[in-house]
Amino acid sequence: MLRMYDRLGFAAAVFLYVRKRLRPMIRLSNVQKTYPARRGNDAHAALRSIDLDIAAGEIVGVIGRSGAGKSTLIRCINLLERPTSGSVIVDGAEVTTLSKRDLPLFRRQLGMVFQHFNLLSSRTVYGNIALPLELAGASKAEIAAAVDPLLPLVGLDDKRDRYPAELSGGQKQRVGIARALSSNPKVLLCDEVTSALDPETTRQILTLLKDINKRLGLTMVVITHEMAVVKALCDRVAVMDRGVIVEEGNVSSIFANPVHATTQSLLADEFMEFRAGTDAATDADASATISDGQEG
Amino acid sequence: MLTTLAPILLQATWETLYMVGVSLLLATALGLPLGVLLATSGRGELLEAPLFQKLIGPIVNATRSVPFIILAVAIIPFTRLIVGTSIGTSAAIVPLTVAAIPFIARIIEGAIREVDSGLTEAAQAMGARPLQVVTKVLLPEALPGIIHGLTLTAVTLIGYSAMVGAVGAGGLGDLGIRYGYQRFRPDVMALVVITLIVVVQAVQMFGDRLARKADKRNI
């Protein structure tokens, strides 16, 4: 008798675990976004029928050229943009129907990192990272308990009381990442987070994000126009063109066998950039040597 | 001569500072929310209220288009209603405040519009409520601009306060008109002008220093 209950209990646990693993963290179904016609501009369909599932703990890249709709797509997940139609389900809950009152509470479960960092110039590193917690009404002690361990995680122990104006681009983005993590989110939304950074800093930031994903098991959605970012960071990739996902799959298979023309041309860019990058690096080295010589 | 003039001059300077200080304080208290609303109530903006936006804009402009000396006289009934009299230093605070409110509102609107819209977006993504965006992001980020604007307002109010001398308020302007001009005392006039220059200089320096301290954008 007892044994049967044990088995039942075990089966139930397995069932719950499997359901949790199978249920996507984010599910976009038939999401459309059309901007209404305004002063001489025709109505513009930024997203046409987007379907995308993102599993818990997964890093999914969304790549495309500017104007493909990737920024609109990521903003439909935390409802900075409201989809014209379709459904957005995050962690099992439909979010497009949330009221204005409940929307901020939902957004606190998601962290977002931006291309231009969007740090408050009037706050120190610590103050910026603390902001999401302050907004949620956390006490001083709770804030300190959450922020203090984040500083070493992103490698900014010694910059705690500095202002953003005193930081380099890479350091600013580290603050942006720590800020997005401070409210302990389920999902990290990354919008072109390395596009304003140089190649070396880009590598460091991507390594940091990968490390965070491993350590915290955080689900990540990564918007980019660079295949290199997808290659370095993502498990899966969706390629967008003119408001539609034209190709989707594991990063390795997409790289090995790109089917759609957009994917192929993005990969070709990547190759060109690689070549140009090597040349530029050589040039930079050369000029560095020259200026060193002059200074000496 | 200076011994007889000094107390009068001191008294007049004090009256000017009192009028300007109190009206600046009152006008900021009323102009600040107005400026925030002007900057954020447009269609699709943070505190969306398009009707309010359409109504309040013209009212602000209308108040700003009336020359101050006319405004001061025109609102005498209102002044009497609030202070109980239309004469004296305290009565002068009413027209000064009324004139400064739309001025400050426009300045604060401008300073807030200067704040990068990416910050508003980031705050919303963090789960900030609209009012939190204003208090935690927009106002702190706009602070250097707001301080500059308030300094400008203070200097303008010092100028205006000389005009309310004409409707029976005291202050440096009144002293200059009555003693310097009407009693043919160029020495008094010179003293008044020098005092005004010193006061304006001091206000501007104080404002600049405060703004610099608040500005963390260039360190």
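Q: Which side chains meet in a salt bridge with Glu134(A)?
A: In this predicted model, the partner of Glu134(A) is Lys136(B), with N to O at 2.8 Å. A salt bridge here is a side-chain nitrogen of Lys or Arg within 4 Å of a carboxyl oxygen of Asp or Glu.

Q: How many salt bridges does the rule find across the interface of chain A and chain B?
A: Two salt bridges are found there.

Q: And how many residue pairs in polar contact?
A: Eight residue pairs, both residues at pLDDT 80 or more, are in polar contact across the interface of chain A and chain B. A polar contact is a pair of N or O atoms within 3.5 Å; within protein, one must be able to donate a hydrogen and the other to accept it, and residues adjacent in sequence count only if both atoms are side-chain atoms.

Q: What conventions apply?
A: Residues are numbered from 1 along each chain as its sequence is written, and chains are lettered from A and ligands numbered from 1 in the order in which they are written. As the model is predicted, local features need pLDDT of at least 70, side-chain atom pairs count only at pLDDT 80 or more, and totals for chains, interfaces and linings use all residues, while side-chain values use heavy atoms, with hydrogens and water left out.

Q: What area do chain A and chain B bury between them?
A: The two chains bury about 2,100 Å², 57% of it on carbon and sulfur atoms. Buried area is the accessible area (1.4 Å probe) that two parts lose on being put together, summed over both. Asn118(A), Ser121(A) and Leu135(A) supply 25% of the area that chain A buries against chain B, more than any other three residues.

Q: Switching to H6(B): how many of its nine residues are buried?
A: Seven residues of this helix, which spans 117-125, are buried, meaning under 20% relative accessible area (1.4 Å probe, protein chains only). Among them are Leu119(B), Thr120(B) and Glu121(B). Helices are DSSP runs (H or I, at least four residues), and strands are runs of E with at least two.

Q: What caps its N-terminal end?
A: Asp116(B) caps H6(B), with a side-chain oxygen 2.9 Å from the backbone nitrogen of Gly118(B). Just after the helix, Gly127(B) takes a positive phi of about 95°.

Q: In chain A, which residue stands opposite Val90(A) of S4(A)?
A: Ile26(A) stands opposite Val90(A), and in S5(A) the bridge partner of Val90(A) is Ala93(A).

Technical notes: Buried means under 20% relative accessible area, exposed over 50%, partly exposed in between (1.4 Å probe, protein chains only). Two strands pair if DSSP finds at least two bridges between them.
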